[in-house]
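User: I would like to learn how to read sheets, helix packing and overall chain shape. Can you take me through an example?

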Amino acid sequence: MATKLESTFSDVKMTRRTFAKTTAALGAVAALGSGYASATKFTDKIIEEVTASPSPTTKRTKSFCSFCSVGCGYIGVTEDGVFTKMEPWTDAPTNRGGMCSKGAALANVTNSPRRLKYPMEKVGGKWKRITWDEALTKISSKLNSTRDTYGPDSVFFCGLVHGSNEECYMFRKFGMLFGTNNIDHQARLCHSTTVAGLLNTFGHGAMTGTPISLQHSKCHFFFGSNAAEAHPVLMQKIFEAKDRGAKIVVADPRFTRTAAKADLYVRFRPGSDIAFILGLINVIIENGWQDQEYIDNRTYGFEYVKEVVKDYTPEVVEGITWVPAAQIREVARIISENRPSNILWSMGVTQHSVGTQIVRACALLQCILGNQGKWGGGCMPVRGHCNVQGATDMCVLSHFLPGYYGVTSEGSWNWYAQCFSDTPSTSGKITFDELKARFATYNGESMMTKIGFTVSRWYEGVLKPEAEIDQPHNIKVAVLWGMGMSSITEMIKQKEAMEKLDMIVVVDPFPSVAAALADRADGIIVLPAATRQEGGGSLSTTGREILWRDVVVPPLYESKTDMWIFQELAKKLGFGAHFDYKNIEDVTREINLAVRPIGWQGQTPERLKKQKENAHTFDPWDGRAKGGPCNGEYWGLPWPCWTTDHPGTPVLYCDEAPVMEGGHDFRANRKTDEGEEIVRGNLPPAGTGGTIHWTYNYAKDPTGEVNKQAVAEGNPPTGRGRAMLRVQAKWTDRVPKHREPIESPEPDLVAKYPTYEDKRLYRVMTEFKTEQDRSIAEGRHTKYPIILSSGRQVEHHGAGAQTRNSEYLVEIQPEMYVEINPKLANDIGVKHWDMVWVESARGRCKVRAYVTERVNEKTAFMPYHWAGVFQGEDYGDRYPDGAKDLARGDSVNIIASPGYDEQTQMQETKVALCKVYKA
Amino acid sequence: MTEIEGCLQTRKNFYAFLYRMYLEEPPRKLAEDLVNKKVPIPDLKSLNDDMIEGFKMLKKFMETSKDVEDVHEKLTDEYTRIFLGPGVPMVPPYESMYIDDVMMGKSLLDVKKVYRKAGIGKSRDYPEPEDHIAFELKFMHWLCEEGLNAGDDGRVKECLTLQKTFMNEHLMRWVPKFCDDVYGNERSDFYKCIAKVTKGFLLLDSELIDELLEDL
C-alpha cells in the first residue's frame, strides 16, 4: 500500500483538526527527509526484524578481573545482551567471591560513557570520526612510508599490559615482522628489575609462589609492598595465615595501611633498601641462623655474600637507613624464627636505580634462610596489572622474544622463524634470512640482534640528535597500545617528544593522556579497543597461574579486540599470513609451541577452559583439584607446565615433590665465569629426583619429546641447578652492595657509596654518576630537603585512565594530594587539604596537602595515578570535548627523579628530592 | 488514500528526517540542500512554538549558508563534538544517560523489551545501543511503516497504540530535555534548529497519535 502513496499529504482532502493542519504543513519537509535516510556513510542498516526469543535471556559468564594481577574471578551478568552487573563467583579458588572496590566496578568500566566509540583522527585541531578501513589504511601507509624513509626502528610500539597472553604474543610477533626491537611495555616500569634480578639468580623472573601459597607462610615480610591498598584480595590470604599465627613485618618508608596490620613496623630511608637487607643477612650469619645445608647444596657463591655483608653491621646500616640497630636485629630474628618466611615487594623495591640489585638482595635473603622453594616461603613480587606477568612472559620487551629468548642471539630469531613457519595456526612461512631482511642494517650490523628503546626512555629516541642514539634515525611514529603515559617519569620531555613525532597512534578503550598531552592539531589517530570484559583469551596472574577469560559482552560500539586490530593491520602491512588465526585459541596453541623456556606447553585452551568449569573442585588451601575431571592439577596450571599431563608448578624451585606433582629446581645450564656448571650439590629428597641428569636441551625442541624425557627421568627440563648468590663478572656488582640513589639527601654517603658510572643502555646514554654529582654540585640536598616517594591508592589503577573515569571510584578518591607530616605542614604554614606546590629540580606540581603521620618529617608521598593537570595548569580543555577525565590531577612523574636502573632502565620513582610550599 | 494513511505517510517521513539528523554526521546532500535553500519551510501558522522557532532559525541558517564545503564541515564538526566524542559526548544522545544517569542503564533494557515485543531489533552493523535517540525515532518511523503496510485497521491500531505507549514511556520522558541541552550547547545553530523542531514535533505527534486512535 505504501507504494501507492507517492503524492504528498497536501493533496489529500483535509477535514479534521490538528493533523489536518500540521501534517499538511510538514509534508514537504517530510518528503525531503526520507531522502537523507539512505544517504549514510557509516551506518548501512539500523533496524531489522528479528525472530528473537520471546523473553530476554540472562547470561552468566565466569571471567577474571582486569585490574591487578591477583586473578580474582567474578561472574559477569548480561541481561538481554547488556552487561548489567557482577555476581560473586564464590568457588573461584583465589578470591572465593571477594572483590575490591576497583574490581567491583568492572561493569562500570565497560559501560563507561567515556569510552572511545569509533576510530577518530585529529585534523586541523578537530576530531573527526573515520571508518576502521580509513584508519587502518592511514596508519599502515604511514608505518610503511616511515619504514621506507627512515627504517623500521623509527617506529616505537608500546603497551598492551592489559592484553591477553595471546594478544601480547601477537604484539611482539608484530614487532618482529615489522622489523624492529623498539617495542616495550609497562613491565619495564613496574617489575623489569624483578625479572632481571630473579632470572639471573634462580632461573626464572617471576613470583616464586602463588597467592594461594601465601596462606602457608609463618611470616610475611612486606618490603616495599602495600598490599592492603594495592592488592586487597591478596591481603586476605595474608590474614588467613595471620589467623593461623603467622607474623607480619612491614619495612617501608611510609606507614601504610599494610603497616597498620603489622606485628612490627620499621620505617627506613627511601633508597637505602639494599643496606637494610644486607644488614639483616649480616645479623642472620652473625647468629648462625642461616640454613647451611640448603646453602651448601642449592646455592652458589655464599662465601662471597658473607664477605660483602660483613661490612653491613646493624650499626653501619643504621647510619645509612636511619633504622635503629636494635630494630634491624629484631626483624632478622622474627624472619628467622618464623620459617618459612617470605618477602613481598612491589614498586617499593623495583623502581630504583639499583632496583635489580635490591631484588637480588631479597633473593639472597630467601636462600640464606632456606625459604626459597618452600610452600609459604620465597620471593613474592606482587605485580600490578591483570596480565603484566603474561605480557612479560610474551616479552613485549625490547630485549626479549616471547619466552625470554634474548634478542641479541641469532638462535632466538632462528627459533621464531621456524615456529612462525611450522605453526599450524597460521599460513605464513618465513625463513631466518627473510626475517633478518625485515630489519635495518646500521654500521654494518643487523638491528635484529640489537636491544631496542624502552618505555622509560623512548622519548630520547625522538628528541636526542641522531648521532647520540644507537639507531639510524630518530623515532618518527609512536604506537601507544593501551599505554597510560602518566606512569612514565620525565613527562615534560615526553610531551615534547609527542609533539615532535610525525604521527601518534593510540589504541585504547579510553582516549587517555596519550591523546591529550601533546599540543598538536594533527597526526593523532585514536582506535577504540575493546575492554577485557569484551575479549577472550588467557591471562597470567602474579603467581604464574594461567586463567581463561570468556567474553562477558561483545565489543560495544565500533570497538574491536586487540587481536582483530593486529590481524587487520598485519594484512595491510603485507604480513597478514602470519596472523590469519581462526580464533584466539589458535594463538594459544602457537604459544604452546613456541614459548618453551618457562614451560608453556601444558596450558592448552582445552585444559584452561576445563579448569574454569570445574573451579569448585580445587582446594582453596593449596589450589589443587581433589578428584573430578582436573584431579591433581594446580589451579591455573602455573608455569612451568611441561606437558599436557603436567599439573603445573605452584611453587618454583620446590624440590620436595616429584616434578610430575609440581616439583621443580633452580635452573641449571648456566656456568660461572670460571666455567663451573651450576648444578646442585646433592640429590633432591628420595623419590623426587630420579636419574642424575642435570641439564636438557629442551628450549628449542618443537616436538616436546625432551620435556617428556626429562619429566620421565624425574627432572625439570631446566635441570637441577643452584641459585646464584653471586652472578657473573659482566655485572658491576656480582653481589649486591649499597649505592646511594641518584638524588641523595646525604652527600657523605654518596662519597662512600656512589652510584654506577654512566653507561650506554638501550640505545641511549644513561647518566648515573654525572647526574648524582650534578645533584650534589647544585646543592639539591639543601634546596630540596624533603625526600619524595610515590605509590598506589586502592581506588585507582595504573595511570588512572579507567578508574579516574569511574564515578564511584572518583567519589571515594577525588583529588591528587601529597602526604606530608604535621610538623612539616605546620612549619610551612599549611593546613590539611590546602593547596601546595611540590617542587623538584625538574618542575613542580600543584596538589592538595594531606597532613598525616603516615610519612615522617623528611619524607613526602604522592600517588602516581594522576594526570590531566600539568604543573598546576588544568589540561581539561586539551582533551577531546567531553573526553576529559572525570578526576584530574597533577602527575608526580613530572617531578620524579631522572634515575634509571643499571640493568633494565626502570625509572627511579621512589626517591627524589623536593620541597613543599603553600600555593 | 485515506486520511489516516496520508497522516501515517507524513509522520513516517518526518521521523525519517529526524532520525537521520541524529544517526550520524550529516550527509553532503543535506549541506547542498541547505546552501541551495532547498529544505522547505512549512507554513508556520499551524505549528507549535518550538517548531516555529526551529523553522525560523533554519530559514535564517539557510540564508546565511554560502559554501557547501564549509557548511558540511561545520555541521560534521558540530555533530562530532556534541554527540560523538571522543569521550563523553557534550550532549549524550542516550535515554539511559538522561533517565538512569549511566550508559546501558535500565532504560536500555526497557526499550529493548519494547522492540522485542514488536518483533524487531537492531541490525548487526548498528554500533550504538538501542536507546540512542536515532534508534528510538527510527522505531517510531518503523511503526508508521508497519501501519501503512497493515492489511487491516486492527494492525494500524496496534501500531498506533504501541507508538502512544513508547512516546509516553520513553521519548517524552527524556527527549525534550535532551533537545534543550542540544539547544544550549550547540555552536553552529543548525542542530539548535533540529532540536527545536524535534521537541516541537514530538509534542505535536503525541496529540496526533491520540487523534488518530480516536478516529479508528
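Analyst: We go through sheets, then a helix pair, then a whole chain. Keep in mind that this is a predicted model.

User: How do I read a sheet? What is the strand order in the open sheet of 5 strands in chain A?

Analyst: Strands of a sheet pair through backbone hydrogen bonds, either parallel or antiparallel. Here the order is E11-E10-E9-E13-E14 in chain A, and the pairing is parallel. Strands E11 (264–266) and E14 (378–381) of chain A have a single partner strand each, so they stand at the edges, with one side of each left without a neighbour in the sheet. From one strand to the next, the twist averages 20 degrees.

User: How many bridges join E10 to E11 in chain A?

Analyst: Strand E10 (residues 247–251) of chain A is joined to E11(A) by 3 bridges, and the two run parallel.

User: What is the pairing in the open sheet of 3 strands in chain A?

Analyst: Mixed, with the order E35-E34-E36 in chain A. Strands E35 (873–874) and E36 (889–890) of chain A are the edge strands, each pairing on one side only. Strand E34 (residues 868–870) of chain A pairs with E36(A) in the parallel sense, over 2 bridges. Within that pair, Gly868(A) has Gly889(A) in E36(A) as its bridge partner.

User: Now helix packing. At what angle do H2 and H4 of chain B pack?

Analyst: Two packed helices are described by the angle between their axes and the distance between the axes. For H2 (residues 28–35) and H4 (residues 68–84) of chain B, the angle is about 125 degrees and the axes are 9 Å apart. That angle makes H2(B) oblique to H4(B). Their crossing is right-handed.

User: Which residues make the contact between H2(B) and H4(B)?

Analyst: H2(B) brings Arg28(B), Ala31(B), Glu32(B), Leu34(B) and Val35(B). H4(B) brings Val68(B), Val71(B), His72(B) and Leu75(B). By class, the contact residues of H2(B) with H4(B) are 6 nonpolar, 1 polar and 2 charged.

User: Step back to the whole chain. How many helices and strands are there in chain B?

Analyst: Chain B has 9 helices and 1 strand. Along the sequence, the pattern reads α-α-α-α-α-α-β-α-α-α.

Notes:
Residues numbered from 1 in each chain as written. Chains lettered and ligands numbered in written order. Predicted model: local features only at pLDDT ≥ 70, side-chain atom pairs only at ≥ 80, totals over all residues. Pairing = 2+ DSSP bridges. Helix = DSSP H or I, 4+ residues; strand = E, 2+ residues; numbered from the N terminus. Axes fitted to C-alpha atoms, helices over the stretch in contact; angles between N-to-C directions. Parallel < 35°, antiparallel > 145°, perpendicular 65-115°, else oblique. Left-handed = near helix turned anticlockwise from the far one by under 90°. Contact = placed C-beta atoms within 7 Å. Nonpolar A, V, L, I, M, F, W, Y, C, P; charged D, E, K, R; others polar.
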